[in-house]
Amino acid sequence: MVTVEVDPVRVETRLVAGEICCPACDTGVLARWGWARSRRVAPTGEPVRPRRARCRGCGVTHVLLPVTLLLRRAYAAQVIWAALQHRAAGLGHRRVATRLGAVATTVRGWLRRAGGRLEVVRAEFVRLAVTAGVDVTVPKTAGSGWKDMLAAVEWAAAVVGDRFAELGMVTPAELVVAASGGRLLAPDCPAESEQGCPNTSCP
Ligand SMILES: [Zn+2]
């Protein structure tokens, strides 16, 4: 799985030009290889059909997932991020779901998974920010696992935005998707095993 920018024209251009590196072998580049199954993305409900690509070197195929999506989640990353923010502010899953117009059981699933990984995710993004930044100062903890986790991701997004200005503005939601390979909230995600490179399509 490779995260890419949202603009499909640019993704196609980079594939043809051999500009997207293979995360499996680190030496080959990816070429177009059909399409993955389309999925509907809330809140707009627009179907998104991710590109599939194959490494010209090792032959492994990858799904190129737009950075705004979390793997196997039918909601945009921004919506999930907003749910985590509401939770950190003290709302329960039902009220969060009402505010976001999402299904309560779905929201409960996001909050449970994220809630079980607060410290792992926090530590991962602190490490990412320290790696990406120059002379960074680690933010003080707020004494709340949720707030500390969100603060670490926001801080890392700001550091990465400074360091990699050519990427444009990096939102915390985009960074969570890019740095965790889209798997922050996936059922089988050990977030701690992921290397945090903000631009996962190329080293
Ligand atoms: Zn490869």
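Predicted model: local features only at pLDDT ≥ 70, side-chain atom pairs only at ≥ 80, totals over all residues.
Colleague: What makes up the lining of the largest cavity, by class?

Modeller: Five lining residues are nonpolar, one is polar and three are charged. The lining comprises Arg-122, Val-126, Val-138, Pro-139, Lys-140, Thr-141, Asp-148, Ala-151 and Ala-152. Since Val, Pro and Ala count as nonpolar and Arg, Lys and Asp as charged, Thr-141 is the polar member.

Colleague: Which helices each supply at least two residues of that lining?

Modeller: They are α5 (118–132) and α6 (145–163). The largest share, three residues, comes from α6.

Colleague: Which residues are the protein donors of the zinc ion?

Modeller: Cys-22, Cys-25, Cys-55 and Cys-58 donate through their SG atoms, which lie 2.3 Å from the zinc ion; the cut-off for a donor is 2.8 Å. Their spacing in sequence is C-x2-C-x29-C-x2-C. Within this set, Cys-25, in the loop between α1 (8–16) and β2 (30–35), and Cys-58, in the loop between β5 (51–55) and β6 (61–66), link distant parts of the chain, 33 residues apart.

Colleague: Why is the arrangement around the zinc ion called tetrahedral?

Modeller: The four donor atoms subtend angles of 104 to 115°. Four donors count as tetrahedral if all angles lie between 85 and 135 degrees, so the arrangement is tetrahedral.

Terms used:
Residues numbered from 1 in each chain as written. Heavy atoms only, no water. Donors = N, O, S within 2.8 Å, 3.2 Å for Na, K, Ca; no water. Tetrahedral: all angles 85-135°; square planar, octahedral: opposite > 155°, others 65-115°. Helix = DSSP H or I, 4+ residues; strand = E, 2+ residues; numbered from the N terminus. 1 Å grid on protein atoms, 1.4 Å probe; cavity = no way out; pocket = protein on both sides within 12 Å on 5 of 7 lines; lining within 4 Å.
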